Amino acid sequence: MSSSFDAIVIGAGAAGLFCAAQAGQRGLRVLLIDHAERVAEKIRISGGGRCNFTNRELDPRAPQRHYLGENPHFCRSALARYTPADFIALVDLHGIAWHEKHKGQLFCDGPSQQIIDLLLAECADGHVERWQPCAVQSVAFDADAGRYRLQTARGQVEAPQLVIATGGLAIPQIGATDFGWRIAAQFGLKTIAPRPALVPLTFGGQAWAPYAQLAGLALPVAISTGTGKARMRFDEDLLFTHRGLSGPAILQISTYWQPGTALTLDFAPGTDVQARLTEAKRDSRKRVANELATLVPSRLADAWTGEDPGLQRPINEAADKSLAQLAERISRWSLVPEGTEGYKKAEVTAGGVDTRELSSQTLEAARQPGLFFIGETVDVTGWLGGYNFQWAWASAHACAQAL
Ligand code: FDA
């Protein structure tokens, strides 16, 4: 005996919970299935435990500026129809206190659990049935009946509409799987090769040894990668780690970085370091490292000057060429990362279901009626700072209106 619903949503994360709630509130009988023990684990650990649930700087007229994908315009329709203001209104309705931190990023004052409770309350309002934990063993489409039939650990279930909201591969230890892309492949839909994004970068070997001692040092930088129109630049904080570099600057640029290519770092953005060192050489007898420490943290100044014996002296005795090289490294340090820390440390997966396979209005597969993909399973990747949750809410909303 098979239970029957109007729609089945697989994945009780940000997008799945929101979609199920909205569809349920429209009067549909909705089943939400997740294989994990705990609901929405990623929301719980997000934003350092305070869930950066949206971003106020998202421009409703040009939202694609903060998103990456093979078709950057795909996300516009959903993001324009469900905006950060809409989600803020919902957060306010649930009495959740929040604050703005940095560059439009909105966080809960209290624990992230508040956002999970909001979503569960919205699901309860929509009479959503949730099976969790429950593994989905197979998905089949009966074309004659126009119904999706699922074998699950709790028996067979069917519906004319199936929403895949199983997210990406980041943090496999809390239940991330490639389920969404396997379903896409089963129905003949293309996928853009997934890769870890918003992820720390690693640098190896002897060349990195002098900088490993800087682990723990954080400072504001300008970081860029790519050339011409594809060049991306972020002004954010950088963090040295034992294995490489992290912090918001690196997480942001990692999404745009192509393996084998260089990053360029400016440790004193807005400062003409060459001019400042030349001036100091004229007027000062301080050691080079001490002069440099007026521009960058002293640990960095020591590491940079420590490599060149010609800089281990008062600045007025240093050679012009050594100072010019030092200025170049401070303002335009070019380095090629060895790789990334991978899905274990990534915040999101870039790539996913090819947006050319989906309607930007409804997120339904063009060639497979009744099959929808939302949230991180889709090839839409947001910047750090609440943009990925906003995509989860907006894509879920667009889909739920179409069910
Ligand atoms: P999500 O991953 O939330 O949910 C997928 C669900 O599907 C999970 O519940 C999973 O168990 C389930 N599932 C997977 N495979 C399944 C299967 N085979 N069968 C059944 N169920 C299955 N973003 C942001 O905007 N602000 C922030 O503060 C943060 N912070 C942050 C911190 C950390 C550490 C990480 C890893 C990520 C973030 N993010 C973030 C990113 C954000 O968490 C992410 O973009 C959204 O959770 C994506 O929502 P989805 O619903 O698409 O997937």
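Mentor: Residues are counted from 1 along each chain in the order its sequence is written. Because the model is predicted, local features need pLDDT of at least 70 and side-chain atom pairs count only at pLDDT 80 or more, while totals for chains, interfaces and linings use all residues.

Trainee: Why are α1 and α5 called roughly parallel to each other?

Mentor: Helix α5 spans residues 113-125, and α1 packs against α5 at an angle of about 25°, with the axes 7 Å apart. Axes are lines fitted to C-alpha atoms, for helices over the stretch in contact, and angles run from 0 to 180 degrees between N-to-C directions. Angles under 35 degrees count as roughly parallel, over 145 as roughly antiparallel, 65 to 115 as roughly perpendicular and the rest as oblique; α1 and α5 are therefore roughly parallel.

Trainee: Which residues make that contact?

Mentor: On the α1 side they are L17, F18, A20, A21, G24 and Q25, and on the α5 side L119, E122, C123 and D125, where contact requires C-beta atoms, placed from the backbone, within 7 Å. By class there are six nonpolar, two polar and two charged residues, with Ala, Val, Leu, Ile, Met, Phe, Trp, Tyr, Cys and Pro counted as nonpolar, Asp, Glu, Lys and Arg as charged, and the others, Gly among them, as polar.

Trainee: What is the hand of the crossing where α1 passes α13?

Mentor: That crossing is right-handed, a term used if the near helix is turned clockwise from the far one by less than a right angle, anticlockwise being left-handed. The axes of α1 (residues 14-25) and α13 (residues 387-402) come within 8 Å and cross at roughly 30°. The contact of α1 with α13 has 11 nonpolar, three polar and no charged residues.

Trainee: How many residues surround the ligand, and which helix gives the largest share of the shell?

Mentor: The shell holds 36 residues, the closest being G11, G13, G47, G167 and G375, and a residue is near the ligand if its C-beta atom, placed from the backbone, lies within 6 Å. The largest share, four residues, comes from α13, and by class the shell has 18 nonpolar, 14 polar and four charged residues.

Notes
Helices (H or I, at least four residues) and strands (E, at least two) are DSSP runs, numbered from the N terminus. Two residues are in contact if their C-beta atoms, placed from the backbone, lie within 7 Å.
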